[in-house]
Amino acid sequence: MSLRSVPLFLRPLAVAAVIVTVVSLLSSLLSRQIPPPPQLSARSFLVWLHGLGDSGPANEPIRTFFSSPEFNRTEWSFPSAPLAPVTCNNGAVMHSWFDIYEIPVTAVSPNDENSVLEAVKTVHAIIDKEVAAGTPTKNIFICGFSQGGALTLATVLLYPKTLGGGAVFSGWVPFNSSIIASISPGAKKTPMLWFHGMVDEVVLFDAGKAAPSFLEQAGIQCEFKPQAYPSLGHSITKEELQYLEPWIRTQLKSQ
């Protein structure tokens, strides 16, 4: 019914009725509970540390294994080690986080602890920059392979706060037990995950096997998974990365 068909003296009543109807409709809509917007995944940060002679960009395809929604807001860092002469390679210059005296690395190989500590400062600076950008330390994960795995362990143990987790692939303990006194209470709460091939001829299995007892002595829990990869040499498999992805998701959800 249009207002033209309404007698002139009734038009104010018709207009009032329209207004009442509109107000009632708006009240009804506003009284309905509007569902909250979907919650975004927490911002997280993952640092991947490459092995001796490798580079950060060469490892970037690793991120394709992390496709769950929890990683939608994950920032990645694939830094490259500086170029430096390496003793075990007759002084050849290559990307190296710290000096390595001998290959294969064994449980009793000597370590250049001073250069390890310098490398730790580099990774700590990366972490601190991300924390300043707003990422909680418990959403920061450090992962690394071989030399990068050894640096991962050193980075986690010497960081003053609890991180989300550290994952070591075919790494070793790059310092002696005296370092335990420098590990903060916060660092001792950082979860650790360790992979090591049982037929590794570059970083021998006994070098990796020494890590759980070292970490236990330091009061740190570590999930050690060599039994799952009995024929694995000095490399990373997709199965390891497929295990790492839900492990990190679990750590994020536990916070």
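**View 1. Lys 225 and the ring of Tyr 243.** In this predicted model, the charged end of Lys 225 sits over the ring of Tyr 243, 4.2 Å from its centre (NZ of Lys or CZ of Arg within 6 Å of the ring centre and within 35 degrees of the ring normal). Tyr 243 also belongs to one aromatic cluster with Trp 48, Phe 169, Phe 195 and Tyr 229. Residues are numbered from 1 along each chain as its sequence is written, and side-chain values use heavy atoms, without hydrogens and water. Local features need pLDDT of at least 70 and side-chain atom pairs pLDDT 80 or more, while totals for chains, interfaces and linings use all residues.

**View 2. Aromatic rings around Trp 76.** The whole structure holds ten aromatic pairs (ring centres of Phe, Tyr and Trp, the last by its six-membered ring, within 6.5 Å; planes under 30 degrees apart are stacked, over 60 edge-to-face, the rest tilted). The rings of Phe 66 and Trp 76 are edge-to-face, because their centres lie 5.1 Å apart and their planes at 70°. Both Phe 66 and Trp 76 are buried (under 20% relative accessible area, with a 1.4 Å probe and protein chains only). Trp 76 and Phe 78 have ring centres 5.6 Å apart and planes at 0°, so this pair is stacked. Phe 78 counts as buried because its relative accessibility is 10%.

**View 3. The lining of the largest cavity.** Residues that line the largest cavity include Phe 98, Tyr 101, Asp 112 and Trp 172 (a cavity is a set of points on a 1 Å grid over the protein atoms alone where a 1.4 Å probe fits but cannot get out; lining residues have an atom within 4 Å of a point). The lining comprises seven nonpolar, two polar and three charged residues (nonpolar: Ala, Val, Leu, Ile, Met, Phe, Trp, Tyr, Cys and Pro; charged: Asp, Glu, Lys and Arg; polar: the others).

Definitions and conventions. On a 1 Å grid over the protein atoms alone, a cavity is a set of points where a 1.4 Å probe fits but cannot get out, and a pocket is an open set with protein on both sides within 12 Å along at least five of seven lines; lining residues have an atom within 4 Å of a point. Buried means under 20% relative accessible area, exposed over 50%, partly exposed in between (1.4 Å probe, protein chains only).
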